[in-house]
Amino acid sequence: MAIIKNAEMTIKHLIYFVLTISILTSCRHGYKVEGDKIYYEYWNEGSGQNKQLIEQADAKTFQKLTFDCNCDFEFGKDKKHLFIDGELIKNIDPNTFKFIGNYIFRDKDSAYFFGSFNSLNDCVIKGINPDKITLIKYPWAKADNLLIHGSDTVRLNDINDFIPIDDDWGKTKKHIVNSDQILYDADIATFKVTSSFQGKDKNFNYEFGAINEDDFKKTSYKTFDFDNTDICKTKPIVFVDIYDSLVSYIEDKNKAIEIVEKLKQRGFTIKNTRYLDWVGESKIIRVSLTNNKCNCIVEKLYRYDYSKPSETKNIFKVTERIHCEPKEK
């Protein structure tokens, strides 16, 4: 009986081995040269084994590329084009294309991050000199005073002090950074990360690089008494009734900000104005003001209305808010 059982087990193992080899050999992927044509072979669970003609590839000059990278890509090039997984990658010089590290590649003109993306043709790291890139820790890098997070960048004047906290957060002696957003108001000493896009300190909760809306008291602009209120002692407030319709950011961004105008009339002066990208398509205009008693931040928030068709002209819902801190005596 033992001999029979052992024989049965041997046959089962043999069948399993044959099936495994069959599956592995049938699931081919990669580039294949056939005469004067280049094909990309790949496996799809729905349609099985596929072979796609790469129409732009020149078979005479085509070659496969390998890099010391743990990214799961099949690279190829000819004299004019770069291909990744059979897809033509536009505007990349194939003859100077090389791997830097941390999923960052470069050619003679630009750098590219292939660690995460919606499209392989939308991976350029904009505005940086590839000769200046210094790797920090995935997905962080830097080039001059631009901090790089994946394919996004943010300018940091104290970039040499930057230390990663995790894949999404980092800090310098002056700033907390979430991806490509600087939390300008964050208290460095007490700040704690609570999620990939949220954090908190002794004063505020933060979400997507800005103070959470729940930390602001909803207030009517129409009834707020600027003349008889000490704005320096007022808790953070958001005015919910300044705007009653959606606007176009392009047309509206250069218009006067209501709270800023009120403060200027009462002796405040503007220190700086920043135009910031926010969540998705949303925007923030951030104005720092000061007088002899306090420093104030006024923010005009443009929330993109995703319920509207993308071609809609007026597509941003707008609110204004303010918070102030007394000056140290």
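Leaving aside its neighbours within four places in sequence, which residues is Ile231 in contact with? Keep that in mind; point 3 has the reply.

1. First, what you're looking at. This is a predicted model, where local features need pLDDT of at least 70, side-chain atom pairs count only at pLDDT 80 or more, and totals for chains, interfaces and linings use all residues. Residues are numbered from 1 along each chain as its sequence is written, and side-chain values use heavy atoms, with hydrogens and water left out.

2. Now the overall picture. The chain has three helices and 29 strands (DSSP runs numbered from the N terminus: helices are H or I with at least four residues, strands are E with at least two). Its radius of gyration is 28 Å, well over the 20 Å that the globule rule gives for 329 residues, so the chain is more spread out than a compact globule. That radius is taken over C-alpha atoms, and the rule is 2.2 Å times the number of residues to the power 0.38. Along the principal axes, the C-alpha atoms fill a box of roughly 95 × 60 × 45 Å. As for cover, 40% of the 329 residues count as buried (under 20% relative accessible area; exposed is over 50%, partly exposed in between, with a 1.4 Å probe and protein chains only).

3. On to the inside. The largest nonpolar core has 28 residues, and Ile231, Phe239, Leu263, Phe268, Val298 and Ile322 touch the most other members. Such a core is a set of buried Ala, Val, Leu, Ile, Met, Phe, Trp, Tyr and Cys residues joined through side-chain atoms within 4.5 Å. Among the elements giving two or more residues to this core are helix H3 (258-265) and strand E29 (316-326), but the largest share, five residues, comes from E28. And Ile231? Leaving aside neighbours within four places in sequence, Ile231 is in contact (heavy atoms within 4.5 Å) with Phe224, Leu263, Phe268, Ile322 and Cys324. Apart from this core lies another, of 15 residues, among them Leu65, Phe75, Phe105 and Cys123. As background, nonpolar side chains tend to be buried together in soluble globular proteins.

4. Strand E6 (residues 82-84) runs antiparallel to E7, joined by three bridges, and Leu82 stands opposite Ile89 in E7.

5. There's also an open four-stranded sheet with the order E12-E13-E14-E15, again with antiparallel pairing. Strands E12 (133-135) and E15 (152-155) are the edges, each pairing on one side only. On average, neighbouring strands of this sheet are turned by 30° against each other, direction ignored. E12 pairs with strand E13 (residues 140-143) in the antiparallel sense over three bridges, and Ala143 in E13 is the bridge partner of Ile133.

6. Last, find Trp43 in strand E2 (residues 37-44). Buried or exposed, or partly exposed? Trp43 is partly exposed, with a relative accessible area of 43%. Its C-alpha atom is separated by 6.6 Å from that of His29, 14 residues apart along the chain.

How values were computed
Two strands pair if DSSP finds at least two bridges between them. Axes are lines fitted to C-alpha atoms, for helices over the stretch in contact, and angles run from 0 to 180 degrees between N-to-C directions.
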